[in-house]
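This report goes through one protein chain, from whole-chain totals to single residues. The sequence and the structure come first.

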Amino acid sequence: MGAVPSTPRRTSSRPQDTAEYLIGTFVGEESFPISSDFWQKLLELPLSLQWPTHRVQQACELLATNNYKTRHLAKILIHMALCLQECITNSGASSLNYEKAINAVHISSVFLKHLIENAKSDRIEELYLSLNDGESASKDFLGDQKLEDFVIHCVLGFIGSVNTSDEKYLLHVELLNFMLISMSTQLLSGPSPRPKDFNPFIDAAMSQDRALVIVVMRKLLLNYISRPNVPLNSSYPVVAGGNQSGVLQRVGSAAANFVLMPFNYLVSSTAQCSRSPLADCSLHVLLVLIHYRKCIVSNGSVASGDSISSDSLSKENSTFYDNPYCKALENASDVEFDRVDTDGNAHNGPLVRLPFALLFDTLGMCLADEGSVLLLYSLLQGNPDFLEYVLVRTDLDTLLMPILEALYNASTRSSNQIYMLLIILLILSQDSSFNASIHKLILPAVPWYKDRLLHQTSLGSLMVIILIRTVQFNLSKLRDVYLHTTCLATLANMAPHVHRLSSYASQRLVSLFDMLSRKYNRSAELRDIKVDNVKTNSIEVNFPTDDASTEMHIYTDFLRLVLEILNAILSYALPRNPEFLYAIMHRQEVFQPFKNHPRFNELLENIYTVLDFFNSRIDAQRRDGDWSVEKVLQVIINNCRSWRGEGLKMFTQLRFTYEQESHPEEFFIPYVWQLVLSTCGFNFNAGVINLFPANLPSEKEDDEATTQDDDKQQKGEPHKLAIYIDP
């Protein structure tokens, strides 16, 4: 065979020649009817045959040239759907049926991906998702449905209804991969969804009936929970032989890293949770589905007959269809309990029913994975039943320890992941029982904390330590106001419920005020220097938004918030926290410079009221010679019993809550696809990605990417995080 795949050797009996003839015919100029036996021969090719990369690229380009006439992509998609229907309806289907389905999915995935990433128009006309008018057989398969609706219905039907036995494992994985490829049209759109965005396959998924949506969501989540590994005794050469790459290698080397993912997972991983291609693909598909938003133009915003230019439409003029997958996740319930609404009535209609206990444990094992962090966020933010379940668990360290460890290693994490982790902590801290219970759980040791030895520390104390450490990291690296605010808001929610805060955590709290005060003083000095220079030179200067004056006001707000945190502990929890009081007394000089500051004076009056009370008690019992820490602490403990809070001014207890902003999709859709592309091996042409700035870094470039992100933050580029934090 020459350089062109469409010049087959018809007379040879070698399997490779047969494959080249069939694939060459598929991408060639001649159109074969959907009822032709050619399609059965194509799908019955052995799974172990191979093609080199350059031949695959040639084949893709030929199909792109001829597809407008042959409509072979549409036809292979229909045959893929028919194979899946056969597998669904016939539980005893032979292995040949599954091999044909795998071939159909492989071939469809490769050529569909090529056409999407090489599209020359917004509506990707190159797909030609319809049959020619002369195809009389089309109505027998499609009826009144669009082709993409028919295909996605069959794909989701198989995923949701067919068990993941060893024989069917590979087909499940490849169907999930196909879903990701078909939904990758989102990558061609901008970060803000527009009415003219063309996403035929994911829109088809959104239009499926509720019962199918429920079944699919439950199956995806159960795949994530059960994490089945690649069956080692599989009869498929694509899995059984490490040197055999299967049909997708033969026709799809351009996408081999994506679709042949099972081989990537046969190598052991250092991650705590076992690597499972089925679990990871299920999670990726789930995240894409639940965060998708279909934009439409609200009534009256565009006159009838006018062309829609969504670039000129304001966000206020656009609305979104309800996302049934997001609704299904939000209404998911525990299999152990019946769902009851706020009026006490049992919930009608199908629901995703899950073992919350197993989901909780799986999330705890897998939070080193960024996708699992996003799933946990989605559950806590959207599903009140799961949030309530988490809050009543007595083993909160299952979730909190991996979260705190990830924040401890913030320098190796993306800024988006740090945000998600902090928002999770903020959501949990909104509950007073959570804030109380974390101080009752004592950790014998924290082996991953290397700054100092932590022995018999409460989970609450560790959380305080890590949050303060994150603020320090942000001051030196990201310098992001919203990250500061999230950390301090969580500490403020925790403050009234603090119980027996450790000495180290107490010291870190006071040191936090000292650190921010030095930043404040430095900003004040820089502002004064700039003002003096302007006066000296008599030049009118327009300061940028991030000048020293603005920075000083920001640090003023942070200092006040820290003082409110200290006040809340002194006002509501002083008798239970002698170590904290000792830390305040030991470093009381750091408050002196701000005693007369108009923003701080009333808060500092409370602190000095407490200091005066305990200083006088210690002076009254002081003997000649130095006092040990133990003696001072014992005096504090003894006098805590007589402390009644006289003279303290009681401030309204701070309570911060988290809310998504009005257009969270502008953050989450790009974020989800960055996760998909960076973790699943799906290589996509970076030059055509409009959803987020390309190039996309690989996992090996995480450190470099983190440095680049840090540089961007320091240069003042705003971070697109969809949150409000309201007191």
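## Basis of the model

This is a predicted model, in which local features need pLDDT of at least 70 and side-chain atom pairs count only at pLDDT 80 or more, while totals for chains, interfaces and linings use all residues. Residues are numbered from 1 along each chain as its sequence is written, and side-chain values use heavy atoms, with hydrogens and water left out.

## The chain as a whole

The secondary structure comes to 31 helices and eight strands. Helices (H or I, at least four residues) and strands (E, at least two) are DSSP runs, numbered from the N terminus. Of the 727 residues of the chain, 54% count as buried. Buried means under 20% relative accessible area, exposed means over 50%, and partly exposed lies in between (1.4 Å probe, protein chains only).

The chain exposes about 31500 Å², and carbon and sulfur atoms supply 48% of that area. Accessible areas come from the Shrake-Rupley method with a 1.4 Å probe; for residues, only the protein chains shown count as cover. Among contacts between residues at least 6 apart in sequence, 77% join residues at least 24 apart; contact means heavy atoms within 4.5 Å.

## Packing of α4 and α7

Two packed helices are described by the angle between their axes and the distance between the axes. For helix α4 (residues 72–89) and helix α7 (residues 147–161), the axes come within 9 Å and cross at roughly 30°. Axes are lines fitted to C-alpha atoms, for helices over the stretch in contact, and angles run from 0 to 180 degrees between N-to-C directions. The crossing of α4 past α7 is left-handed, a term that applies if the near helix is turned anticlockwise from the far one by less than a right angle; clockwise would be right-handed.

On the α4 side, the residues that meet α7 are Ala74, Leu77, Ile78, Met80, Ala81, Leu82, Leu84, Gln85, Cys87 and Ile88. Their partners in α7 are Leu147, Phe150, Val151, Cys154, Val155, Gly157, Phe158 and Ser161. By class, this contact has 15 nonpolar, three polar and no charged residues. Ala, Val, Leu, Ile, Met, Phe, Trp, Tyr, Cys and Pro count as nonpolar, Asp, Glu, Lys and Arg as charged, and the others, Gly among them, as polar.

Helix α5 (residues 95–117) has 23 residues, which should span 33 Å at 1.5 Å a residue, and its end C-alpha atoms are 33 Å apart, in agreement. The expected span is 1.5 Å times one less than the number of residues. Since 20 of the 23 residues of α5 are buried, this helix is largely enclosed by the rest of the structure.

Buried residues in α28 include Leu603, Leu604, Asn606, Ile607 and Tyr608. Val610, Leu611, Phe613, Phe614 and Ile618 of α28 are buried as well.

## Residues with positive phi

Ile124 has a positive phi of about 45° although it is not a glycine. Ile124 sits in the loop between α5 and α6 (138–142) and counts as buried at 2% relative accessibility. Gln456, in strand β6, has a phi near 55°, also positive in a residue other than glycine. At 47% relative accessibility, Gln456 counts as partly exposed.

## Pairs separated in sequence

Val446 lies in the loop between β5 (442–445) and β6 (455–458) and is buried, at 4% relative accessibility. Leaving aside neighbours within four places in sequence, Val446 is in contact with Met401, Leu454 and Leu462. The C-alpha atoms of Val446 and Glu405, 41 residues apart along the chain, are separated by 9.4 Å.

Ala332, in the loop between α16 (324–330) and β3 (333–334), is buried at 1% relative accessibility. Its C-alpha atom is separated by 10.0 Å from that of Gly382, 50 residues apart along the chain.
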